[in-house]
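Keep the sequence and the model side by side.

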Amino acid sequence: MTGSPEPAPDAPRTAVVGRGRLGRWRDQAVALGWLVVVWNLLWGDINWTNLIGGLLVGAAVLVFFPLPAVSFGGRLRPRALLVFAGRFAVELVRASLHVARIAVQPGYRPRGAIIAVRLRVSTDLNLALTAEAVSLVPGTLILEVDRDSGTLYLHVLDTHGPGDLDVSRDRTLAVERRIVRAVGSTAELRHLDVTSPEKGTRP
(Lines give C-alpha, C1' and ligand atoms only; values in the text may rest on other atoms or scores of the structure.)
Protein backbone atom coordinates (compact mmCIF):
# COMPACT_ATOMS: atom_id res chain seq x y z
CA MET A 1 0.00 0.00 0.00
CA THR A 2 2.70 2.51 0.98
CA GLY A 3 5.21 1.73 -1.83
CA SER A 4 2.87 1.55 -4.85
CA PRO A 5 1.94 5.27 -5.29
CA GLU A 6 5.57 6.48 -5.33
CA PRO A 7 6.50 5.92 -9.02
CA ALA A 8 3.38 7.67 -10.34
CA PRO A 9 4.54 11.31 -9.88
CA ASP A 10 7.85 10.55 -11.60
CA ALA A 11 6.34 9.88 -15.03
CA PRO A 12 4.71 13.30 -15.54
CA ARG A 13 7.79 15.01 -14.12
CA THR A 14 9.97 13.32 -16.74
CA ALA A 15 7.61 14.38 -19.52
CA VAL A 16 7.62 17.99 -18.33
CA VAL A 17 11.42 18.02 -18.17
CA GLY A 18 11.56 16.62 -21.68
CA ARG A 19 9.24 19.28 -23.00
CA GLY A 20 11.24 21.98 -21.20
CA ARG A 21 14.48 20.77 -22.75
CA LEU A 22 12.85 20.65 -26.18
CA GLY A 23 11.55 24.20 -25.69
CA ARG A 24 15.03 25.43 -24.74
CA TRP A 25 16.54 23.82 -27.84
CA ARG A 26 13.85 25.42 -29.98
CA ASP A 27 14.49 28.84 -28.44
CA GLN A 28 18.23 28.43 -29.05
CA ALA A 29 17.58 27.45 -32.68
CA VAL A 30 15.36 30.51 -33.21
CA ALA A 31 17.97 32.79 -31.60
CA LEU A 32 20.70 31.28 -33.77
CA GLY A 33 18.58 31.79 -36.89
CA TRP A 34 18.06 35.47 -36.11
CA LEU A 35 21.77 35.96 -35.36
CA VAL A 36 22.60 34.48 -38.77
CA VAL A 37 20.09 36.84 -40.43
CA VAL A 38 21.54 39.87 -38.61
CA TRP A 39 25.11 38.79 -39.50
CA ASN A 40 24.22 38.63 -43.21
CA LEU A 41 22.40 41.96 -43.07
CA LEU A 42 25.44 43.59 -41.49
CA TRP A 43 27.67 42.24 -44.29
CA GLY A 44 25.10 43.35 -46.87
CA ASP A 45 25.38 40.13 -48.87
CA ILE A 46 23.89 36.66 -48.50
CA ASN A 47 26.26 33.91 -49.62
CA TRP A 48 27.56 30.60 -48.32
CA THR A 49 30.57 32.21 -46.66
CA ASN A 50 28.42 34.65 -44.69
CA LEU A 51 25.88 31.95 -43.81
CA ILE A 52 28.57 29.64 -42.42
CA GLY A 53 30.32 32.57 -40.70
CA GLY A 54 26.99 33.64 -39.18
CA LEU A 55 26.37 30.13 -37.87
CA LEU A 56 29.83 30.01 -36.28
CA VAL A 57 29.61 33.49 -34.77
CA GLY A 58 26.02 32.93 -33.60
CA ALA A 59 26.93 29.61 -31.98
CA ALA A 60 29.92 31.22 -30.25
CA VAL A 61 27.73 34.06 -28.94
CA LEU A 62 25.15 31.63 -27.56
CA VAL A 63 27.82 29.42 -25.94
CA PHE A 64 30.25 31.98 -24.52
CA PHE A 65 27.89 34.93 -23.95
CA PRO A 66 24.60 33.29 -22.97
CA LEU A 67 21.70 35.69 -22.97
CA PRO A 68 18.83 35.58 -20.46
CA ALA A 69 16.32 32.89 -21.34
CA VAL A 70 13.88 34.25 -23.93
CA SER A 71 10.91 32.00 -24.51
CA PHE A 72 9.41 31.73 -27.97
CA GLY A 73 5.68 31.18 -27.62
CA GLY A 74 4.72 32.13 -31.14
CA ARG A 75 4.90 30.40 -34.48
CA LEU A 76 6.47 31.23 -37.82
CA ARG A 77 4.07 32.46 -40.49
CA PRO A 78 5.83 32.29 -43.90
CA ARG A 79 3.55 34.78 -45.68
CA ALA A 80 3.84 37.41 -42.94
CA LEU A 81 7.59 36.75 -42.82
CA LEU A 82 7.84 37.50 -46.55
CA VAL A 83 5.81 40.69 -46.06
CA PHE A 84 8.18 41.76 -43.28
CA ALA A 85 11.26 41.02 -45.41
CA GLY A 86 9.84 42.85 -48.43
CA ARG A 87 8.84 45.97 -46.49
CA PHE A 88 12.16 45.94 -44.63
CA ALA A 89 14.06 45.84 -47.95
CA VAL A 90 12.00 48.75 -49.32
CA GLU A 91 12.56 50.86 -46.19
CA LEU A 92 16.26 49.99 -46.20
CA VAL A 93 16.69 51.25 -49.78
CA ARG A 94 14.53 54.33 -49.22
CA ALA A 95 16.36 55.32 -46.01
CA SER A 96 19.77 54.69 -47.60
CA LEU A 97 18.92 57.00 -50.50
CA HIS A 98 17.64 59.63 -48.09
CA VAL A 99 20.81 59.55 -45.96
CA ALA A 100 22.97 59.59 -49.11
CA ARG A 101 21.13 62.69 -50.36
CA ILE A 102 21.72 64.42 -47.01
CA ALA A 103 25.42 63.51 -47.13
CA VAL A 104 26.01 65.04 -50.57
CA GLN A 105 23.74 68.07 -50.19
CA PRO A 106 26.08 71.07 -49.76
CA GLY A 107 25.54 73.24 -46.70
CA TYR A 108 22.65 71.18 -45.36
CA ARG A 109 22.70 70.39 -41.63
CA PRO A 110 20.05 67.85 -40.66
CA ARG A 111 18.35 68.18 -37.30
CA GLY A 112 18.09 65.10 -35.12
CA ALA A 113 15.69 64.23 -32.34
CA ILE A 114 15.30 61.62 -29.62
CA ILE A 115 11.90 60.00 -29.26
CA ALA A 116 10.41 57.34 -27.01
CA VAL A 117 8.24 54.61 -28.55
CA ARG A 118 6.37 52.31 -26.20
CA LEU A 119 5.77 48.95 -27.85
CA ARG A 120 2.44 47.17 -27.44
CA VAL A 121 3.98 43.70 -26.98
CA SER A 122 6.70 44.11 -24.36
CA THR A 123 8.23 40.62 -24.43
CA ASP A 124 12.03 40.37 -24.48
CA LEU A 125 11.98 38.73 -27.91
CA ASN A 126 9.77 41.40 -29.46
CA LEU A 127 11.85 44.19 -27.90
CA ALA A 128 15.05 42.68 -29.27
CA LEU A 129 13.72 41.97 -32.78
CA THR A 130 12.01 45.35 -33.16
CA ALA A 131 15.05 47.25 -31.86
CA GLU A 132 17.35 45.31 -34.20
CA ALA A 133 15.14 45.82 -37.25
CA VAL A 134 14.70 49.55 -36.57
CA SER A 135 18.40 50.20 -35.91
CA LEU A 136 19.45 48.44 -39.13
CA VAL A 137 17.64 51.11 -41.18
CA PRO A 138 19.93 54.11 -41.84
CA GLY A 139 18.92 57.32 -40.10
CA THR A 140 17.54 55.62 -36.98
CA LEU A 141 19.58 54.50 -33.98
CA ILE A 142 18.44 52.76 -30.79
CA LEU A 143 19.91 54.60 -27.80
CA GLU A 144 18.29 52.70 -24.96
CA VAL A 145 15.72 50.01 -24.25
CA ASP A 146 13.55 50.16 -21.14
CA ARG A 147 12.72 46.51 -20.55
CA ASP A 148 10.25 47.16 -17.71
CA SER A 149 7.98 49.47 -19.69
CA GLY A 150 8.74 48.03 -23.14
CA THR A 151 9.96 51.39 -24.44
CA LEU A 152 12.53 52.07 -27.16
CA TYR A 153 14.45 55.35 -27.18
CA LEU A 154 15.50 56.28 -30.72
CA HIS A 155 17.64 58.95 -32.31
CA VAL A 156 16.01 60.00 -35.58
CA LEU A 157 17.91 61.87 -38.28
CA ASP A 158 16.56 64.81 -40.30
CA THR A 159 13.42 65.92 -38.47
CA HIS A 160 11.61 69.16 -39.27
CA GLY A 161 8.78 69.18 -36.74
CA PRO A 162 6.34 67.19 -34.60
CA GLY A 163 4.87 65.60 -37.72
CA ASP A 164 8.16 63.88 -38.55
CA LEU A 165 8.39 62.55 -34.99
CA ASP A 166 4.89 61.08 -35.26
CA VAL A 167 5.83 59.42 -38.55
CA SER A 168 8.92 57.88 -36.93
CA ARG A 169 6.85 56.54 -34.03
CA ASP A 170 4.25 55.11 -36.41
CA ARG A 171 6.98 53.53 -38.53
CA THR A 172 8.47 51.83 -35.45
CA LEU A 173 5.06 50.52 -34.39
CA ALA A 174 4.49 49.29 -37.94
CA VAL A 175 7.76 47.33 -37.75
CA GLU A 176 6.61 45.83 -34.46
CA ARG A 177 3.26 44.85 -35.99
CA ARG A 178 4.92 43.09 -38.94
CA ILE A 179 7.30 41.22 -36.60
CA VAL A 180 4.47 40.06 -34.32
CA ARG A 181 2.44 38.99 -37.35
CA ALA A 182 5.43 37.00 -38.60
CA VAL A 183 6.54 35.25 -35.41
CA GLY A 184 4.15 36.24 -32.61
CA SER A 185 1.67 34.13 -30.70
CA THR A 186 -2.10 34.27 -31.14
CA ALA A 187 -2.43 36.12 -27.81
CA GLU A 188 0.15 38.72 -28.92
CA LEU A 189 -1.70 39.24 -32.20
CA ARG A 190 -4.96 39.71 -30.31
CA HIS A 191 -3.31 42.20 -27.95
CA LEU A 192 -1.85 44.04 -30.94
CA ASP A 193 -5.29 44.41 -32.53
CA VAL A 194 -6.82 45.63 -29.28
CA THR A 195 -4.15 48.28 -28.68
CA SER A 196 -3.89 49.27 -32.37
CA PRO A 197 -5.19 52.03 -34.15
CA GLU A 198 -2.07 53.84 -35.14
CA LYS A 199 -1.93 56.64 -37.65
CA GLY A 200 0.58 57.52 -40.31
CA THR A 201 2.57 54.67 -41.78
CA ARG A 202 0.46 51.59 -42.33
CA PRO A 203 1.89 48.20 -41.30
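**From fold to packing**

The chain holds 6 helices and 3 strands. Helices (H or I, at least four residues) and strands (E, at least two) are DSSP runs, numbered from the N terminus. From that end, the order is α-α-α-β-α-β-β-α-α. This is a predicted model: local features need pLDDT of at least 70, side-chain atom pairs count only at pLDDT 80 or more, and totals for chains, interfaces and linings use all residues. Residues are numbered from 1 along each chain as its sequence is written, and side-chain values use heavy atoms, leaving out hydrogens and water.

Of the 203 residues, 30% are buried (under 20% relative accessible area, 1.4 Å probe, protein chains only). Contacts are heavy atoms within 4.5 Å. Among those with a separation of 6 or more, 71% link residues 24 or more positions apart.

Now look at the rings. There are 2 aromatic pairs, meaning ring centres within 6.5 Å. In one of them, phenylalanine 84 and phenylalanine 88 have centres 6.0 Å apart and planes at 25 degrees, so they are stacked (planes under 30 degrees apart). Both residues are buried. They sit 4 residues apart in helix H3 (residues 78-104), so about one helical turn separates them.

Next, turn to helix H4 (residues 124-135) and helix H5 (residues 162-183). Their axes, lines fitted to C-alpha atoms over the stretch in contact, lie 10 Å apart at an angle of about 125 degrees. H4 and H5 are therefore oblique to each other. Residues meeting there include Leu129 and Ala133 in H4, and Val175 and Ile179 in H5.

Notes: Buried means under 20% relative accessible area, exposed over 50%, partly exposed in between (1.4 Å probe, protein chains only). Rings of Phe, Tyr and Trp (its six-membered ring) pair if their centres lie within 6.5 Å; planes under 30 degrees apart count as stacked, over 60 as edge-to-face and the rest as tilted. Axes are lines fitted to C-alpha atoms, for helices over the stretch in contact, and angles run from 0 to 180 degrees between N-to-C directions. Angles under 35 degrees count as roughly parallel, over 145 as roughly antiparallel, 65 to 115 as roughly perpendicular and the rest as oblique.
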